[in-house]
Amino acid sequence: MIGTALTLASTTAPAQNQAILEGERFNPEVGTQGMVATSHFLASQVARDVLAEGGNAVDAAVTAGFALAVTQPRSGNIGGGGFMLISDEQSDEVVAIDYREKAPAAAYETMFQDESGEAVSELSRYTHNATGVPGTVAGLAKALEDYGTLSLAEALAPAIKLAEEGFPLPQRFVDGIADAGEMFAPWEASRAKFYKADGSSYAVGEIYRQPDLAATLKRIADQGAREFYEGETAELIAAEMDKHGGLMTLEDLANYQPSVREPSHGTYRGYDVYAMSPPSSGGVHIVEILNILEGDDIGAMGFNSASTIHLMAEAMKRAYADRSEYLGDTDFIEVPLAGLTSKAYADELRAGISDDTATPSAEIAPANPLPYESNETTHFSIADANGLAVSNTYTINFSYGSGIVVDGAGFLLNNEMDDFSAKPGVPNAYGLIGGEANKIEPNKRMLSSMTPTIVKKDGRNFLITGSPGGSRIITTTLQVLMNVIDHNMNIQAAVSVPRIHHQWLPDEIRVEQGISPDTVDLLEAMGHTVSQQEAMGAAQSIMIEDGVFTGGADPRRSTSSAMGL
Ligand code: DON
């Protein structure tokens, strides 16, 4: 039996043919003129409409970004920030728009420590000071201005309609509010947004309207993106801060600008991999891990076999150890980018990996881990028929960010300040360790793991992917790439199959359900600790081959949706 399965796997047709073959367990959405994949069907629908009406991938992406701020407020946002990679085949250009939040000018290194110098995570998560200066509105507007064809008002129109007229609530929305528990209790505007006037909860299928948010989006549509930073919306944010002792000022908002950056670049088995550069660690470390893995024939070693998982975990550990030491905002610190992404450095790291024995994380570098937390961010991928592709991940950090809705403006404030290291060596809520490189400084961007990624093959856009998942973003995105390139999966299979994760500390391989107990035994015999936990990531992805677009919506989100045309 096992022999037969292996033979079948190794003689499978190339990935480009798989989508239309019977015999697949997972089938992607197929299109010939373009594809959108987002975490909410209403956002996918409005983005697809834009493509169908002749808009390009950036028009569709910005439209989706604003629509998600309405339909999926736990992560879709205008009060947060993120990164957008845009690949234009025609000019052979891949650019990254960095609209990550920034620390306010009055922020200081010890702001999340108590008098005895201990880091207090409640301060960096559930207070007004948890909020970095939001970048989403400026970033989406910048993308549209530089690469889109729609006006900002046109891109905002579907979001305004959804906020004003409302939409029937899916189960996931209702469950999300229930899971948020007491998070909104201290804040009147938050309670008003997420509960009915009598304080009761919304039910599945009820129409949900957001009049304050609609008014905010309309002001931005009428007056432009600077309205958010200098107009009435900015004043509402500043008033919210003043009222609750937050450090962010009108001046911080007025000073916010997105940055256009060169993405991290590497190659993997002949493919060109572009992903987000600092202030995200995602691109650097996905390239570093791929460089280490390239030295072995992962395809022959087999999908999620013990030897493959062992090698992946060893590569991941080393990359996350480097992350803790070297990564931060390159506007403030030097990051050895060329070294970390070089093949020679990967060769050195690979030489230290044993074929059959785990290296304890403590021998890679010492520290003191915390457990994982639940969380939410959102990624979407969009491609059009003219060679433009967009990979976008944005967030307010945790589900519902700080839990604080700006009074009168109807949107949630992020708690991205928790992505700084509150104290060197003390892990943040994702268990990620940071040091000097990621300490809090005025106007600095906090280190991210978000990894919007575009893989090109012979100069053509091939794979567009990325994921939420905090520290698991890098490894989730990595596995979508490996599943396609090493394991020949179609895009839906690549997104759906079980994932693993190692982040150096804690020293354990975290696995989803679906890794065989026999494999776990083999890994444990090599010295690994293996811990099965809940699902990881939501990698809304697209693959393009021979003019055919295939979309993989991640089943880990019940509202995920890929729509082709
Ligand atoms: O930028 C980061 O790496 C985190 N703030 C992302 C948070 C996240 O992905 C939460 N999601 N699932």
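Predicted model: local features only at pLDDT ≥ 70, side-chain atom pairs only at ≥ 80, totals over all residues.
Local features require pLDDT of at least 70 and side-chain atom pairs pLDDT 80 or more, whereas totals for chains, interfaces and linings use all residues. Residues are numbered from 1 along each chain as its sequence is written, and side-chain values use heavy atoms, without hydrogens or water.

The ligand is surrounded by 15 residues (a heavy atom within 4 Å). Thr377, Glu416, Asp419, Ser448 and Ser449 are the closest. A ligand nitrogen lies 2.5 Å from a side-chain N or O atom of aspartate 419. For asparagine 397, a ligand nitrogen is 2.8 Å from a side-chain N or O atom. A ligand oxygen is 2.7 Å from a side-chain N or O atom of serine 448. Of the 340 Å² of accessible area that the ligand has on its own, the protein covers 99% (Shrake-Rupley method, 1.4 Å probe).

Aspartate 419 is buried, at 11% relative accessible area (buried is under 20%, exposed over 50%, partly exposed in between; 1.4 Å probe, protein chains only). Residues that aspartate 419 touches include Arg100, Asn397 and Tyr430 (heavy atoms within 4.5 Å).

Most residues other than glycine have a negative phi, and most peptide bonds are trans. Proline 278 and proline 279 are joined by a cis peptide bond, with omega about 15°. Another cis bond links leucine 505 to proline 506, with omega about 0°. Asparagine 304, not a glycine, has a positive phi of about 55°. Asparagine 304 is buried, at 10% relative accessibility. Aspartate 458 also has a positive phi, about 50°. Aspartate 458 is exposed, at 69%.

How values were computed: Polar contact = N/O pair within 3.5 Å; in protein donor to acceptor, adjacent residues only side chain to side chain. Lists of a residue's contacts leave out its neighbours within four places in sequence.
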